[in-house]
Amino acid sequence: MEKTTPLFQMHEQEGGKIVPFAGYLLPVQYKDILEEHMAVRERAGLFDVSHMGELLLTGHDALDTLHYLCSNRFHDMQDGRVRYTLLLNPQGGVIDDLLVYRLSAERYLLVVNASNREKDAAWIKEHLLGNTQLEDCSDHFAQLALQGPKAKEILEKLVKAEEIPAKYYTFTEEALVGDIPCLLSRTGYTGSFGYELYCPSDDAKKLWKLLREAGEEFGLLPCGLGARDTLRLEAGMPLYGHEMDDEVSPMETGLGFAVKLDKEEDFIGKKALMERGEPTVTRVGLKVVGRGIVREECPLFVGQEEVGKTTSGTFLPYLKGAYAMARVNRSYAELGTKLMASVRGRMIEVEVVPLPFYQA
Amino acid sequence: MNLPKSMVFTKSHEWVKFLSEDTALIGLSDYAQDQMGSLVFVNLPMVGDEVIAGEPLGDVESVKAVSDVYSPVTGTVSRVNEELLDAPESINQDPYAAWLVEVSDISDRDDFLSATEYEEFCLKEE
């Protein structure tokens with residue numbers, strides 16, 4: 001039985017087409033994925049992402065625990081900063097990708113994928129160092145994403161200017177949106193300018209209504225999971241279970257930037273990654289040259305040789321074309337390389353193009 | 001539900017409009033386009049291709065998924081609506097005008113539902 005988010009009633013009222021996703025009932029779209037996608041690129045969109053997990057890591061040794069469990073480095077982080085990182089298993093595969101919010105030197109908020117939340121919490125609890133505690137707060141928080149070039153103007157109607165985080169990957173822990181206390185961060189998963197807002201579950205409906213009303217004059221649309229997926233793909237952002245999983249090394253999927261093999265502390269997965277050596281596979285962007293749409297799990301060929309497989313792909317509404325991401329043998333990763341994708345028994349030509357496909 | 005009475009329907013959500021005894025236009029029902037959402041790609045057969053009742057004749061794709069289009073009749077494709085290749089959204093906008101193919105020399109056909117029967121069928125699917 002799927003759970004609902006605190007905004008379920010709003011989705012029904014807004015005419016959302018509800019589907020099960022990661023254990024939750026969420027709208028895949030309201031009226032139209034294409035329109036929702038374009039609203040985010042050109043104006044603004046509002047998403048319910050309350051299914052995301054929020055884990056609070058606290059204690060004197062919380063920073064050490066982070067260094068041991070996560071692939072990135074955190075010493076140089078200041079309060080109010082956000083960092084992308086990975087949880088790796090001892091084989092160097094990815095348990096999850098997550099955002100770490102530094103609330104203070106001894107308090108960190110970890111925002112994890114809904115489908116991995118329980119796995120992550122169990123893994124982290126098993127590996128806490130010294131005086132560190134982990135609390136799963138997911139059910140106490142709702143999360144909304146306000147994304148698009150008009151997001152700032154919308155927020156300015158509701159939030160004091162000094163409480164709106166200016167820089168990318170920074171946040172205000174206690175912002176007031178209207179009269180609702182929110183953690184407000186300049187983050188997002190769309191490739192457009194925007195914010196994410198974390199509020200107490202009980203305030204979620206009120207916050208949704210406030211943002212919808214404030215956004216009305218700017219053409220804000222409520223957006224579902226469908227647009228969230230096309231937007232992140234257009235922006236070349238990886239999705240757990242597609243571009244990475246328990247068996248894929250981050251080095252083989254373009255996530256090496258989040259792995260600091262040279263940091264002083266040992267971390268889980270480091271030894272395995274060092275031993276694996278230079279990756280032979282990498283993540284690339286593909287533009288479909290032939291006719292058709294190439295989705296995930298399509299084998300890629302050069303002649304008779306299978307050289308990789310797509311991990312995500314569909315028609316991208318802003319770019320108005322079919323694109324995919326794939327993991328391929330490095331010898332075929334150069335820009336301009338032509339590959340053939342096998343799609344339902346048909347061969348469709350694709351070309352390696354730069355990632356991200358779209359940049360704001 | 002938007003259902004023209006001049007057409008018959010299949011359980012796989014195609015509409016069929018007979019132009020003569022053995023020639024028919026084939027398209028997707030309003031219910032089908034609504035379920036799929038905005039269509040972004042159409043893959044159609046070529047003129048001269050032979051199609052078989054109950055077997056796929058092509059497919060349509062939305063952002064989220066691909067769906068086969070099943071041929072309601074056995075016959076030979078005599079015309080293809082090539083405008084759809086560049087404008088698949090016409091199917092969403094006016095599903096009963098946006099025919100996919102015309103099939104001639106029809107020698108066999110699926111079981112069809114009348115507009116009323118099809119409406120009941122769709123209501124049960126929901």
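In this predicted model, chain A is split by the domain assignment into three parts: domain 1 covers 3-51 + 139-234, domain 2 covers 54-137, and domain 3 covers 280-360. So much for the layout; the rest of this passage looks at how domain 1 of chain A meets domain 3 of chain A.

Taken over C-alpha atoms, the centres of domain 1 of chain A and domain 3 of chain A sit 31 Å apart. The two do touch: eleven residues of domain 1 of chain A are in contact with 15 residues of domain 3 of chain A. Between them, these two domains bury about 1,100 Å², and 71% of that area lies on carbon and sulfur atoms. On the domain 1 side, the residues that lose the most area to domain 3 of chain A are Arg41(A), Leu233(A) and Glu234(A), which together make up 55% of what that side buries.

What holds for charges and polar atoms across this interface? The rule finds zero salt bridges between domain 1 of chain A and domain 3 of chain A. Polar contacts do turn up, though, with five residue pairs found across the interface, both partners at pLDDT 80 or more.

As for where the domain 1 side comes from, two helices of chain A, α2 (33-42) and α7 (225-234), each supply at least two of the residues that touch domain 3 of chain A. The largest share, five residues, comes from α2(A).

Terms used. Residues are numbered from 1 along each chain as its sequence is written. Chains are lettered from A and ligands numbered from 1 in the order in which they are written. This is a predicted model: local features need pLDDT of at least 70, side-chain atom pairs count only at pLDDT 80 or more; totals for chains, interfaces and linings use all residues. Side-chain values use heavy atoms; hydrogens and water are left out. Domain bounds come from an automatic or database domain assignment. Contact means heavy atoms within 4.5 Å. Buried area is the accessible area (1.4 Å probe) that two parts lose on being put together, summed over both. A salt bridge is a side-chain nitrogen of Lys or Arg within 4 Å of a carboxyl oxygen of Asp or Glu. A polar contact is a pair of N or O atoms within 3.5 Å; within protein, one must be able to donate a hydrogen and the other to accept it, and residues adjacent in sequence count only if both atoms are side-chain atoms. Helices (H or I, at least four residues) and strands (E, at least two) are DSSP runs, numbered from the N terminus.
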